[in-house]
Amino acid sequence: MNAPFAGDLPRGIQKITALPDPGLAELWDSIIVEAEIKERLLSQAVLNFTMRPKMSRAVLPLHGVLLLVGAPGTGKTSLARGLANRTAAAFKGGNFQLVEVEAHGLTSSAMGKTQRAVSDLFAQTLSELANAGPTIVLLDEVETLAVDRSRLSLDANPVDIHRATDAVLVQLDLLAESHKNLLFVATSNYPEAVDDAFVSRCDLVLEVPLPGKEACKTILRECLLGLSSTYPEIEELTSDRGFDTCAGEFVGLDGRTIRKTVANALASNTQVALNPGSVTLPQLAAAAKSAQTNKRANRGK
């Protein structure tokens with residue numbers, strides 16, 4: 001693929017990756033969610049590129065927008081990046097690219113500039129990129145760009161925020177008509193903050209849930225096995241008869257927190273910190289209980 005932009009990336013674009021990409025393939029595999037979720041997501045993405053170019057929107061009003069929602073740490077962004085790679089792989093490459101948008105880079109305190117930056121990004125930058133080949137655009141924390149206007153006050157919030165959301169919606173409609181080889185994958189930790197009109201344009205809204213008991217066991221086991229490459233004695237914990245009980249203490253935590261909690265267990269005391277291979281299942285369980293307590297406390301704030 002010939003890159004449309006040489007040198008510095010345009011405003012609002014964080015990264016452009018040619019697909020398929022080996023690193024993104026590993027990322028998809030690393031996210032532990034139910035197989036049905038991955039299959040549903042991949043099938044919808046593939047359908048976007050097989051059917052949308054052939055079908056009138058009067059028949060099926062598809063916009064080419066997927067929305068992943070869920071608690072922080074559930075792997076939505078990694079899942080979106082991995083999805084882009086898996087979609088490209090399904091088409092044997094096909095000159096695909098992943099474009100990651102930096103939404104916070106579009107905001108400005110100057111009147112009208114946020115709206116103009118959003119319009120330029122969609123109407124010019126993304127349009128030009130899509131002209132180069134099939135393009136998947138990651139809109140991380142989409143509530144930054146498509147904030148729920150019903151929750152805003154024109155007295156308390158700059159009118160530019162309202163207009164920026166308007167611009168996103170208008171451009172999504174235009175791109176849905178003009179670039180049917182374009183797919184947006186948006187993520188949000190706070191779906192209630194996303195404008196209803198944006199959600200209505202999504203072809204699929206999919207919740208990425210917290211890992212269940214079996215998923216927690218898998219995440220914990222993989223984390224410990226990864227550590228065992230440096231500290232071999234840790235591998236014994238995964239076959240200990242108390243492993244399942246210990247893993248049960250992690251249920252209710254997201255994948256990122258589970259891994260961080262393992263790190264906290266390695267800092268249970270100075271002796272373990274000096275010799276991480278000596279960590280025990282009770283220390284892991286205690287760290288998980290502490291993480292659960294912190295989670296409840298933060299939820300109550």
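**The whole chain**

This is a predicted model, in which local features need pLDDT of at least 70 and side-chain atom pairs count only at pLDDT 80 or more, while totals for chains, interfaces and linings use all residues. Residues are numbered from 1 along each chain as its sequence is written, and side-chain values use heavy atoms, with hydrogens and water left out.

The chain has 11 helices and 6 strands. Both kinds of element are DSSP runs numbered from the N terminus: helices are H or I with at least four residues, and strands are E with at least two. Along the principal axes, the C-alpha atoms fill a box of roughly 60 × 50 × 40 Å. Out of 301 residues, 48% count as buried. Here buried means under 20% relative accessible area, exposed means over 50%, and partly exposed lies in between (1.4 Å probe, protein chains only).

How do contacts run along the sequence? Among those between residues at least 6 apart, 81% join residues at least 24 apart. A contact means heavy atoms within 4.5 Å.

**Salt bridges**

How many salt bridges does a search of the whole structure find? The search gives 7. A salt bridge is a side-chain nitrogen of Lys or Arg within 4 Å of a carboxyl oxygen of Asp or Glu.

| Residue | Partner | N to O distance |
|---|---|---|
| Asp 166 | Arg 149 | 2.4 Å |
| Arg 149 | Asp 195 | 2.9 Å |
| Asp 244 | Lys 217 | 3.4 Å |

The pair of Asp 166 and Arg 149 links distant parts of the chain: Asp 166 is in helix α5 (residues 159-178) and Arg 149 is in the loop between β4 (135-139) and α5, 17 residues apart. Asp 166 is partly exposed at 32% relative accessibility, and Arg 149 is partly exposed too, at 27%.

Arg 149 also meets Asp 195 in a salt bridge. This pair again links distant parts of the chain, 46 residues apart, with Asp 195 in the loop between β5 (182-188) and α6 (196-200). Asp 195 is buried, with a relative accessible area of 4%.

The salt bridge between Asp 244 and Lys 217 joins helix α8 (residues 243-248), which holds Asp 244, to helix α7 (residues 213-228), which holds Lys 217; the two residues are 27 apart. Asp 244 is partly exposed at 36%, whereas Lys 217 is buried at 11%. Which residues do shared partners join into one network? They are Arg 149, Asp 166 and Asp 195.

**A lysine without a salt bridge**

Lys 38 sits in helix α2 (residues 35-50). Lys 38 is buried yet has no salt bridge, and the nearest side chain of opposite charge, Asp 29, is 5.1 Å away. For charges, Lys and Arg count as positive and Asp and Glu as negative, while His and the chain ends are not counted. Leaving out residues up to four places away in sequence, Lys 38 touches Trp 28, Asp 29, Ile 31, Val 33 and Leu 79.

**Two crossing helices**

The axes of helix α9 (residues 255-265) and helix α11 (residues 281-299) come within 8 Å and cross at roughly 125°. That angle makes α9 oblique to α11. Axes are lines fitted to C-alpha atoms, for helices over the stretch in contact, and angles run from 0 to 180 degrees between N-to-C directions. Angles under 35 degrees count as roughly parallel, over 145 as roughly antiparallel, 65 to 115 as roughly perpendicular and the rest as oblique. Thr 257, Thr 261, Val 262 and Ala 265 in α9 meet residues in α11 that include Gln 283, Leu 284 and Ala 287.

**Two backbone details**

Most residues other than glycine have a negative phi, and most peptide bonds are trans. The peptide bond from Leu 19 to Pro 20 is cis, with omega near 0°, and Pro 20 lies in the loop between β1 (13-18) and α1 (22-30). Glu 141 is not a glycine, but has a positive phi of about 50°. Glu 141 is placed in the loop between β4 and α5 and is partly exposed, at 32% relative accessible area.
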